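This report goes through one protein structure, part by part. Please look at the sequence and the model before reading on.

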Amino acid sequence: HPVCLSYLGQMDVCLSAWSDGAIRAFDAVNGEFLWSVDSAHRCGITALVVAPNLKFFVTGGEEGEVRVWEMKTRDMVSELKEHKGMITQLKLMEDSSHLLSASKDKSVITWDLMRERRATIHEQKMGAVCGLDVYRNQANFVTVGLEKRVNVWDLRQPNPVASERYADPGNTDAYATVCTLSHDNRFLCTGGTDQLVRLWDASTLAPLERGVGHSGV
């Protein structure tokens, strides 16, 4: 079954990553199958991101591997191995030369794609990192996960520069599974196991609003 999807608007193509380890592309207008990369990962693919210039895309897998693919030829051009757990999210920085990968091994690694090596690593105290997003200043990023906190990090410092408990004191088991920053970076939105969509001040991490309505994670 499909796990990740990216819409390539300039090409009218939907690029999808699947639990069987394959990458499949479909026509976004009529749904016609276009091409596939079979066995792109030995196990399932768990994360996908496409470069803004559409020249390459990156996949992450269940075994912690990060792979870079050329869009035109669909050849793998780089493989990055350091994570010890499943990749949960990938995020390209604006220069498309640096990539952040979040993993169940509690870490976020920043990769230098040109040199094919790790630039930085940040580790939270416990549990998987489930989601991340990068601030427009390209120096800070935010993470959520099993630590049950919302953490803001500086790429130049090892520990969070801001941190806030995710859930209310009476709901100690809840944690966020996804997060995204608004385009202007004023707001942070999270979704979690408590079936709530929460809105935060992206600068102070002060909770602003919450939306109720979902019946599942």
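## A buried loop residue

Ala-40 sits in the loop that links strands E4 and E5. The model is a predicted one, and all values below were computed from it. Is Ala-40 buried or exposed? With a relative accessibility of 2%, Ala-40 is buried, because the cut-off for a buried residue is under 20% relative accessible area.

Which residues does Ala-40 touch, leaving out those up to four places away in sequence? They are Gly-21, Ile-23, Ile-45, Arg-67 and Trp-69. Gly-145 lies 105 residues from Ala-40 along the chain, and 27 Å separates the C-alpha atoms of the two.

Not counting residues up to four places away in sequence, Ile-23 touches Leu-15, Ser-16, Trp-35, Ser-36, Val-37, Ala-40, Ile-45, Phe-57, Thr-59 and Trp-69.

How many of the residues of strand E6 (residues 56–61) are buried? The count is 6 of 6, and the strand is mostly covered. In a regular strand, side chains alternate between the two faces of the sheet. In E6, Phe-56, Val-58 and Gly-60 point one way, while Phe-57, Thr-59 and Gly-61 point the other way. The residues on both sides are buried.

E6 pairs with E5 in the antiparallel sense, over 5 bridges. In this pairing Val-58 of E6 stands opposite Val-49. The hairpin of E5 and E6 has 5 residues between the strands, and Leu-54 takes a positive phi there, near 65°. E6 also runs antiparallel to strand E7 (residues 65–70), joined to it by 5 bridges. Here Phe-56 has Glu-70 in E7 as its bridge partner. The hairpin of E6 and E7 has 3 residues between the strands, and Gly-64 in the turn has a positive phi of about 90°.

Most residues other than glycine have a negative phi. Gln-195 has a positive phi, near 65°. Gln-195 is found in the loop between strands E18 (187–192) and E19 (196–201). Leu-205 also has a positive phi, near 65°, and is placed in the loop between E19 and strand E20 (207–212).

Asn-185 lies in the loop between strand E17 (176–181) and E18. Its relative accessible area is 13%, so Asn-185 counts as buried. Leaving aside neighbours within four places in sequence, Asn-185 is in contact with Tyr-135, Arg-136 and Ala-202.

The largest pocket has a volume of about 310 Å³. Its lining has 16 residues, and those nearest the centre are Lys-91, Leu-92, Glu-94, Asp-133 and Val-134. The elements that give two or more residues to this lining are strands E5 (45–50), E9 (87–92) and E13 (129–134). By class, the lining has 8 nonpolar, 4 polar and 4 charged residues.

The second largest pocket holds about 160 Å³ of space. Glu-123, Gln-124, Lys-125, Glu-147, Arg-149, Asn-151, Trp-153, Asn-159, Pro-160 and Ser-163 form its lining. Which strand gives the most to this lining? Strand E15 (residues 149–154) does, with 3 residues. By class, the residues around the second largest pocket are 2 nonpolar, 4 polar and 4 charged.

Technical notes
Residues are numbered from 1 along each chain as its sequence is written. This is a predicted model: local features need pLDDT of at least 70, side-chain atom pairs count only at pLDDT 80 or more; totals for chains, interfaces and linings use all residues. Side-chain values use heavy atoms; hydrogens and water are left out. On a 1 Å grid over the protein atoms alone, a cavity is a set of points where a 1.4 Å probe fits but cannot get out, and a pocket is an open set with protein on both sides within 12 Å along at least five of seven lines; lining residues have an atom within 4 Å of a point. Grid points are joined across faces, edges and corners, and a volume is the space filled by probe spheres set on the points. Helices (H or I, at least four residues) and strands (E, at least two) are DSSP runs, numbered from the N terminus. Ala, Val, Leu, Ile, Met, Phe, Trp, Tyr, Cys and Pro count as nonpolar, Asp, Glu, Lys and Arg as charged, and the others, Gly among them, as polar. Contact means heavy atoms within 4.5 Å. Buried means under 20% relative accessible area, exposed over 50%, partly exposed in between (1.4 Å probe, protein chains only). Two strands pair if DSSP finds at least two bridges between them.
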